[in-house]
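Reader: Before we discuss individual parts, could you show me the sequence and the structure together? I would then like to go through them by question and answer.

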Amino acid sequence: MTVHIVGAGLAGLSCALAAVDDGHQVVLHEGARQAGGRSRSWPEPTLGRIVDNGTHMVVGANYAVFDYLKRIGSENSMIPGPTAFPMLDLRTNRIWTATPLRLLGSVLASMWRMPRDTDSPISDALGRSKNYRRFWDPLALAVMNTPADKASALVFRRVLQRTLWKSQKASQPWLVKEGLSESFIQPAIAALEKAGAVVRLNDPLRSLERDGDRATKLAFDSETIELGPDDKVVLATPWVVARGFLPELPDLPASPIVNVHFRMAEPPPPPNKAGFLGLLGGTGEWLFVRGDVVSVTISGAAKVIDLPGEDIAALVWQDVARALQIETPPTATRVIKEKRATLYHTPEIEARRPAPRFGENLILAGDWTATGLPCTLEGALTSGNVAASLLR
Ligand SMILES: Cc1cc2nc3c(=O)[nH]c(=O)nc-3n(C[C@H](O)[C@H](O)[C@H](O)COP(=O)(O)OP(=O)(O)OC[C@H]3O[C@@H](n4cnc5c(N)ncnc54)[C@H](O)[C@@H]3O)c2cc1C
């Protein structure tokens, strides 16, 4: 039996690693020149620095992430942040720290208020909390990439159960030391090749033929593969690509994220030891300082996604200048728009996410499948592991 995995994002990579560990013969087909999909880094010529397509944060409770990093020998490529989140309210210039202890009352109350069975927007449950505007609302946007008055309370509850309601360590943020590809992607490709898997980059799937419940033929740019009776296919592409091959998949609207990277003439003073700051009342929500590069993430970025890059950069720069109290403008700027960064996690869209088993020899993987988690690294890796378990 050969397992053909289409898409070398984190879902495809984790599925491939688990499948080779189970003794399967694996071919991983990636359409782009570079693996990693929505979680990748590259040397950006405008800045002369390695940048991530978007600064990714994981938390201590992301067990699939840490297991994966261990499997590929990359567990030392992450740095822990503080257990408290430093925040700056740009409207009032107030700096404060969101510590679990300080928010204990609100966190305990949220355990009672969040629904257990019937889904509704997060704001229905937490909207009257005294810390809604300055804590729950921005936290929900960061976790779900969907505004709290639209985002699914059941999915958010599942995240809280694993993190804030559990322990300080489970909620602790972690960031990559160098770049996403250096931590998550290149070591995974090396581990796969070492284990005997075939990795084909720059070779997109163009058509998938089926006979009833079975996938029968895969046509790539380089070759057409007739599937044998025991062969299996894991389709680990983004939802919009998967639906091109499987039109019966449900409609799953997406939510954008924009990242703005500024190269500075001198490394700016980091806002704190952790090198990152949550922003309230500005255009973006998170500011990161890595050496002489300042990066800002705008989640739920529908309001800015269609603006020209220069206009977005100008808006975000005002926040950076105020937050870091710097006047010298950046020497170079790069705006990265990810129009389909994640699903738009409303209760209605959550109910439509498909299960991974799609046909007799066809399995779906990707952060958009029904993992119960928001579209995150943890969700994508979990879906890859589940897909691999269905090959057994
Ligand atoms: C800007 C941004 C910021 C984010 N921030 C965070 C964060 O802070 N924390 C967090 O946990 N998550 C974050 N995420 C989410 C996380 O990156 C994704 O959930 C995860 O990377 C999705 O992985 P995936 O494998 O499901 O999909 P993808 O990464 O989309 O992988 C799919 C792969 O399929 C390939 N492909 C497409 N078409 C074809 C074809 N025809 N043939 C072959 N291959 C094909 C693609 O090139 C891609 O490599 C962020 C995402 C973005 C975009």
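Author: One definition is needed at the outset: a residue counts as buried when its relative accessible area is under 20%, and as exposed when that area is over 50%. Please also keep in mind that this is a predicted model.

Reader: Which residue is the bridge partner of Val-6 in strand 14?

Author: Strand 1 and strand 14 (residues 232–235) run parallel and are joined by four bridges. Within strand 14, the residue that is bridged to Val-6 is Leu-235.

Reader: And which residue in strand 2 is the bridge partner of Thr-2?

Author: Strand 1 also pairs with strand 2 (residues 25–29), again in the parallel sense and over five bridges. The partner of Thr-2 in strand 2 is Gln-25.

Reader: Which strands stand at the edges of the open sheet of six strands?

Author: The sheet has mixed pairing, and its strands follow the order 10-2-1-14-21-20. From one strand to the next, the twist averages 20°. An edge strand has a single partner, so one of its sides is left without a neighbour in the sheet, and this applies to strand 10 (198–200) and strand 20 (357–359).

Reader: Are helix 1 and helix 7 roughly parallel or roughly perpendicular to each other?

Author: The axes of helix 1 (residues 10–21) and helix 7 (residues 180–194) come within 10 Å of each other and cross at roughly 30°, and helix 1 passes helix 7 in a left-handed crossing. Angles under 35 degrees count as roughly parallel. The relation of helix 1 to helix 7 is therefore roughly parallel.

Reader: How many of the residues in the contact of helix 1 with helix 7 are nonpolar?

Author: Helix 1 contributes Leu-10, Leu-13, Ala-16, Leu-17 and Val-20, which meet Phe-184, Ile-185, Ala-188, Ile-189, Ala-191 and Leu-192 of helix 7. The contact holds no polar and no charged residues, and its nonpolar residues number 11.

Reader: Which helices are included in what covers the buried residues of helix 6?

Author: Helix 6 (residues 153–162) is mostly covered, with seven of its 10 residues buried. Those buried residues are Ala-153, Leu-154, Val-155, Phe-156, Arg-157, Val-159 and Leu-160. Their cover includes helix 3 (104–113), helix 4 (122–126), helix 5 (132–144) and helix 10 (347–350).

Reader: Which residues does Asp-89 touch, not counting residues up to four places away in sequence?

Author: Asp-89 has its place in strand 7 (residues 85–89). Its relative accessible area is 12%, so Asp-89 is buried. Not counting residues up to four places away in sequence, Asp-89 touches Arg-94 and Leu-280.

Key
Residues are numbered from 1 along each chain as its sequence is written. This is a predicted model: local features need pLDDT of at least 70, side-chain atom pairs count only at pLDDT 80 or more; totals for chains, interfaces and linings use all residues. Side-chain values use heavy atoms; hydrogens and water are left out. Axes are lines fitted to C-alpha atoms, for helices over the stretch in contact, and angles run from 0 to 180 degrees between N-to-C directions. Helices (H or I, at least four residues) and strands (E, at least two) are DSSP runs, numbered from the N terminus. Angles under 35 degrees count as roughly parallel, over 145 as roughly antiparallel, 65 to 115 as roughly perpendicular and the rest as oblique. A crossing is left-handed if the near helix is turned anticlockwise from the far one by less than a right angle, and right-handed if clockwise. Contact means heavy atoms within 4.5 Å. Ala, Val, Leu, Ile, Met, Phe, Trp, Tyr, Cys and Pro count as nonpolar, Asp, Glu, Lys and Arg as charged, and the others, Gly among them, as polar. Buried means under 20% relative accessible area, exposed over 50%, partly exposed in between (1.4 Å probe, protein chains only). Two strands pair if DSSP finds at least two bridges between them.
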